Amino acid sequence: MLRQWHALPGLFLALVLAVTAGTGAILAGQAALDAATAPRVAEATISLAALAETITTQIPGVEKITRTPSGRVRVTYLEQGRPRSVVVDPKTGIPTAADTASPTLRMITNLHRAWLSGDGGRLVAGGAAFVMLLLCLTGLLMLKRMFGGWLALLRPFRGDGIRRWHLELGRFAVAGMLLSSVTGLHMSLVGFEILPDGAPADVFVTASGETPRSFSALDGLATLSLANLREITLPDPADASDPIIIRTDEAIRFVDAATGQILREDRYSLAWHVRDIAYRLHTAEGMLWLSILLAISSACGFVLALTGLTISLRRRFASGRVRANAPAGAADILLLVGSEGGSTMGFAKALHRALAAAGRRVHLAPMNELPARSPASQIIILAATAGDGEAPASASRFIDKLAEWEGSKPNVIIVGFGDRQFPRFCGYAEQVETACLAHGFSLAMLTERIDRQSSEAFARWSEQLAFRLDVPLQLELDEASAAGQRYRVIEREDYGAEVQAPTAILRFAIVPRFRWLPAWLQHILGWMPRFEPGDLVAISPPSDPRPRFYSIASASGSGVLEICVRHQPGGICSGYLCGLTPGAEIMATIRPNPAFRPDAKATSLILIGAGAGIAPLVGFVRNARPGHPVQLYWGGRDPNSDFLFGKDLEKAQKAGRLARLSTIFSRIRGGGYVQDLITRDAADLREAIAAGGQILICGGRDMAEGVRIALAEALAPLGLDLSTLRQNGRLLEDVY
Ligand SMILES: Cc1cc2nc3c(=O)[nH]c(=O)nc-3n(C[C@H](O)[C@H](O)[C@H](O)COP(=O)(O)OP(=O)(O)OC[C@H]3O[C@@H](n4cnc5c(N)ncnc54)[C@H](O)[C@@H]3O)c2cc1C
Ligand SMILES: Cc1cc2nc3c(=O)[nH]c(=O)nc-3n(C[C@H](O)[C@H](O)[C@H](O)COP(=O)(O)O)c2cc1C
């Protein structure tokens, strides 16, 4: 709900906000420039009477003397019946510059305040201030909920490019944006007379009508200095009964120009002061630091409006809408989805459609949006597993929320989505089952485990569900399997045939979804895949819909998807991939794998792999900062046949991105396995780990097991075990 409140106004009003924030940034920048270049004088020592005297003797026809918030003195006078304005030196009263506002700045001010039109435009500007306030507040609450507390907002954020920018900029600029929106809204409400402006009522004060005396002889001005002044309006020379009107910070005074007597003094009300403070804080005129802060936060507001719009559009295009989603408070089935890569959502939507067609009111939501109570009699949970048996992104807070459930407990049905290639198959679904039972929920069916998004297995399970709920279910799963992006093979390199380890490095170009739309626009709209080395690509061979994962060596910025595939004996997908030739096209889906990335703060990187496991490690090496200590341990069969990425590694060494390359080959005389290198270099590795190094392992399960044993022995003298290293994020594994 909070997300919709944050996204909807953001979607519709992003452009209005971008203009309001952009023009606000320019005006605040102008205010900063004005404050920085204003004259610095001791205003309290400059007598107002003396200053008015000098100005009126030097400039004929003076109507008004104004002190701007930045401390400039502006004089308005009539010259041949036309109003003119000039800036004078506050000490001498001598004109220093003509006071001409630039037409562009006037246009920007008008655009900011009233969209270049009258009351309608002012209404839009006021609405923009309100929406900005709403976005700041809902954004702050969302951040708090997302990161689990206010203090967590101070910690570093993770996430992909644009979302991360949105979060970082939002956190940085929220204080300035809140100030601008609250004060702007107040000014609008005053402008539309919804709040009182507190200005003194217009009064008509009549002076004595005698011949005016010099200003220095007037008692009404005697105690005032330039520091008190806002504006003096001089009497109309044609009307002897006109008084001098002096506006200061506290009051408006009417002074007789002949006798010097104060004819009337109206002190400002509280409402006037509130409006004045709101105006000054909003415009920041004369306040250098505040104007700089507002200029920066408004510029961030401009970017935030655009990034927010992009995120909303992406989410809409990526997820599509769930048709006929019953509200949580009126549903008889809650259908909750825990997904990292989005494929489980396809199954959930198909199930939602089938249940809705059977007349059930179903509320479909991410697991993290489990409500605190519901009239539903059934909760169906479709939970994928991420990381090493962990919760996927949209279920990260589910188990905590389960503890907050109020009222009677519906029956629960759980379906785990996982992959038998991982050691903890459907590990997260198991955690959910344990938590549900611990919190007193009953299971209405045995927990099902679906391997590699098998449509057949899900369809079989849905038949049992139909029987259990006593409803006819017609499941249409095509939407679930239709996801993916097209890639074209542009290059392949073959290795290892002579040593019975046929392996291909495959490079694919990303085929844009719409050939007629510029690629950069498709990037912004999220229609082009994004990936980094270490992410995975899921590929299904034509004869089997179940996807296999391959570790990615390249980054999407290069426009190339690069993987390394070992052809397994009898392997369907690896056989299919190793048979591809340049020009062939495949469908594939990127699976982000943020848990397998080098830590930029690690003092050194120790990369360990064998065979095709080298792919992400090569990507990390290419991305390494020159001079950063990166070591790669890699094992193959024969340097003359399967030295994968040999040339890239040589180049990286020359460029200073790979400090040390240690290879070992098993099919040559005196050869061995990569774990033998770990045992050989145990002392060096101990030193590197003790100094804050990080280890990343990638490749087959047997290799990983051997490496773990060798590492555990190497690190034992430090009193460090591998699980401690793993918990601290200093040992990461991508093992299959
Ligand atoms: C997170 C992850 C990352 C992966 N990254 C890569 C990668 O970068 N490069 C790569 O080549 N593979 C990688 N794999 C393995 C890949 O996903 C497939 O499992 C592999 O290509 C075999 O698929 P297949 O369809 O050819 O075999 P299948 O047709 O599914 O199986 C056929 C035969 O091959 C055997 N087999 C399947 N997988 C393996 C294996 N890994 N080791 C030994 N025998 C096996 C099976 O036991 C079976 O006998 C990764 C797996 C995971 C889970
Ligand atoms: C990085 C990564 C880690 C995974 N870890 C596991 C795991 O530990 N156990 C498991 O059974 N499946 C694991 N899987 C497989 C996914 O759970 C499975 O592909 C699921 O269908 C993905 O659903 P989703 O696209 O909705 O996230 C993992 C997949 C990825 C990409």
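Colleague: Taking contacts between residues at least 6 apart in sequence, what share joins residues at least 24 apart?
Modeller: In this predicted model, 70% of those contacts join residues at least 24 apart.

Colleague: Nice. And how many helices and strands are there?
Modeller: The chain has 21 helices and 24 strands.

Colleague: What about the radius of gyration of the chain?
Modeller: It is 36 Å, whereas a compact globule of 736 residues would be near 27 Å. Along the principal axes, the C-alpha atoms fill a box of roughly 115 × 70 × 55 Å.

Colleague: What percentage of the residues is buried?
Modeller: Buried residues are 47% of the 736 in the chain. The accessible surface is about 35,300 Å², and carbon and sulfur atoms account for 57% of that.

Colleague: Switching topic: how many positive and negative side chains are there?
Modeller: There are 75 positive and 69 negative ones, and the centres of the two sets lie 4 Å apart.

Colleague: Can we zoom in now? Where is S181 found?
Modeller: S181 sits in helix α5, which covers residues 161–191.

Colleague: Is S181 buried or exposed there, and why?
Modeller: S181 counts as buried because its relative accessible area is 1%, and the cut-off for buried is under 20%.

Colleague: Which backbone oxygen lies 2.8 Å from a polar atom of its side chain?
Modeller: That is the backbone oxygen of M177.

Colleague: And leaving aside neighbours within four places in sequence, what is S181 in contact with?
Modeller: S181 then has contacts with A129, M132 and L133.

Methods: Residues numbered from 1 in each chain as written. Chains lettered and ligands numbered in written order. Predicted model: local features only at pLDDT ≥ 70, side-chain atom pairs only at ≥ 80, totals over all residues. Heavy atoms only, no water. Helix = DSSP H or I, 4+ residues; strand = E, 2+ residues; numbered from the N terminus. Rg over C-alpha atoms; globule rule 2.2 N^0.38 Å. Buried < 20%, exposed > 50% of the residue type's maximum accessible area, 1.4 Å probe, protein only. Contact = heavy atoms within 4.5 Å. Areas by Shrake-Rupley, 256 points an atom, 1.4 Å probe, with all protein chains shown as cover. Lys, Arg positive; Asp, Glu negative; His and termini not counted. Charge placed at Lys NZ, Arg CZ, Asp CG, Glu CD. Polar contact = N/O pair within 3.5 Å; in protein donor to acceptor, adjacent residues only side chain to side chain.
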